[in-house]
Amino acid sequence: MKKKTVYIAIEIKVREFISQVFLSSLLIKKGFRVYLGSKNQILNLIDKKKNKGGIFFYKAGVAGKFVDLVNDKTDKHVIFDQEMLPGVLSGQSAKKWYLENINPFSVNGERFCDAYLATNKLIYESAKKGLTKMRGKIYQTGSPRIDMWKQKYHYIFNEEVKKIKKKYGKFFLFNSDYQFISGNIKEEVSWFFFNPKDLKEWSSGKNKDIISREFKRAEDKYKEFNKFVPFIKKLSKKTNKKIVIRPHPIENKFIWKKLFKRDKNIFIEDPIKDVFPWILASDGLLHRGCTTALQSLMMGKPTFFIDLGNEFKKNYNVKIFSY
């Protein structure tokens, strides 16, 4: 019997790779053939296919120019949004947040989606309400990334944990998700969210509010970042505790290194590998509200929320479990 093929595309390696290797292993055990790679390479592979077939699996809808390619060369287009994970409690603010963020598709991409996989009931219900143009179905499935938090899978990272502990000994871990830390708000937001054509078209159109919201959010994060730097310096000196900071993948690591180059107990680690072994190796996690807080709590690690007047929390009225 001919094997069915799954093409798994990865957007950000540090966030997705390990859990997708885990998922691939489960699919292989079920008899599937799996191709795992970067989004560009997987799309290139699909483009070179002579026949239609297989399942395309990605964290969001591909750019508009690739929608037809995936539709023409594969049987199914499946979405599991790596950023749409649990963390928001029930209630109107939570439902509003999920509904505003549930749609990961490019223009017209939603109608080509055959399956949207939701981690929990709240995300499932939001997807049912928000994704009304899908040709396929929405499923509540759980998450391979969260499955790996179970203790029986921790052994996978044993060697990496040993290396980290040998290098740092006892330490607290802080995973940054400020994103905007240079002060060049306009340039960073434009690069991260909008291309020049979008900015020109949207600045006076119906999406004007989206642009202003993203700029405001970036400014709020930058303000909070400027509070964080002196706070973490003071905390390190007062506790005499090593603190390892992992910048967000889009942050300029050299800004972090410059700010803390004279602090003997604060270390900057490039975010080039999965965060999992870093949490396991640490004495506890410091955070400002992110998925790693849930992961840390599930793994039984001391977990501390840094409250510096979190602007995102105040301005967007989001009730988040990890806060």
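Reply: A residue counts as buried when its relative accessible area is under 20%, as exposed when it is over 50%, and as partly exposed in between, with a 1.4 Å probe and protein chains only. This is a predicted model, in which local features need pLDDT of at least 70 and side-chain atom pairs count only at pLDDT 80 or more, while totals for chains, interfaces and linings use all residues. Residues are numbered from 1 along each chain as its sequence is written, and side-chain values use heavy atoms, with hydrogens and water left out.

Me: How many residues does the protein chain have, and what percentage of them count as buried?

Reply: The protein chain has 323 residues, and 49% of them count as buried.

Me: How do I read strand pairing, and which strands pair with β7?

Reply: Two strands pair if DSSP finds at least two bridges between them. β7 runs parallel to β8, joined by four bridges, and Asn-175 stands opposite Arg-246 in β8. β7 also runs parallel to β10, through three bridges, with Phe-174 facing Leu-286 of β10 as its bridge partner.

Me: Where does the pairing go from β8 and from β10?

Reply: β8 pairs with β9 in the parallel sense over three bridges, and Ile-245 has Ile-268 of β9 as its bridge partner. β10 pairs with strand β11 (residues 303-305), again parallel and over three bridges. In that pairing, the bridge partner of Leu-286 is Phe-304.

Me: Are the faces of β8 covered or open?

Reply: Both are covered, with Ile-243 and Ile-245 buried on one side and Val-244 and Arg-246 buried on the other. Strand β10 (residues 284-287) is also covered on both faces: Gly-284 and Leu-286 are buried on one side, Leu-285 and His-287 on the other.

Me: What is a nonpolar core, and which residues touch the most other members of the largest one?

Reply: A nonpolar core is a set of buried Ala, Val, Leu, Ile, Met, Phe, Trp, Tyr and Cys residues joined through side-chain atoms within 4.5 Å. The largest here has 21 residues, and Phe-171, Leu-173, Phe-276 and Trp-278 touch the most other members. At least two residues come from each of α7 (158-168), α12 (276-281) and α13 (291-298). The most, five residues, come from α12. Another core of 17 residues lies apart from it, and its members include Val-229, Ile-245, Trp-256 and Phe-260.

Me: How do I read a pair of aromatic rings, and how many are there?

Reply: Such a pair is described by the distance of the centres and the angle of the planes. Rings of Phe, Tyr and Trp (its six-membered ring) pair if their centres lie within 6.5 Å; planes under 30 degrees apart are stacked, over 60 edge-to-face, and the rest tilted. The count is 16 aromatic pairs. The centres of Tyr-168 and Phe-267 are 5.1 Å apart with planes at 55 degrees, so this pair is tilted. Tyr-168 is in helix α7 and Phe-267 in strand β9 (residues 266-268), so the pair ties together parts 99 residues apart in sequence. Tyr-168 is buried at 6% relative accessibility, whereas Phe-267 is partly exposed at 24%. Phe-171 and Trp-278 make an edge-to-face pair, 6.3 Å centre to centre with 70 degrees between the planes. Phe-171 is in the loop between α7 and β7 and Trp-278 in helix α12, so this pair ties together parts 107 residues apart in sequence. Both Phe-171 and Trp-278 are buried.

Me: Which charged end sits over the ring of Phe-172?

Reply: That of Lys-241, 5.2 Å from the ring centre. The rule asks for NZ of Lys or CZ of Arg within 6 Å of the ring centre and within 35 degrees of the ring normal.

Me: What is the phi of Gln-179, and of Asn-240?

Reply: Most residues other than glycine have a negative phi. Gln-179 has a positive phi of about 70 degrees, and Asn-240 has one near 55 degrees. Gln-179 is in the loop between β7 (172-175) and α8 (185-193) and is buried at 12% relative accessibility. Asn-240 is in the loop between α10 (208-239) and β8 (243-246) and is exposed, with a relative accessible area of 58%.
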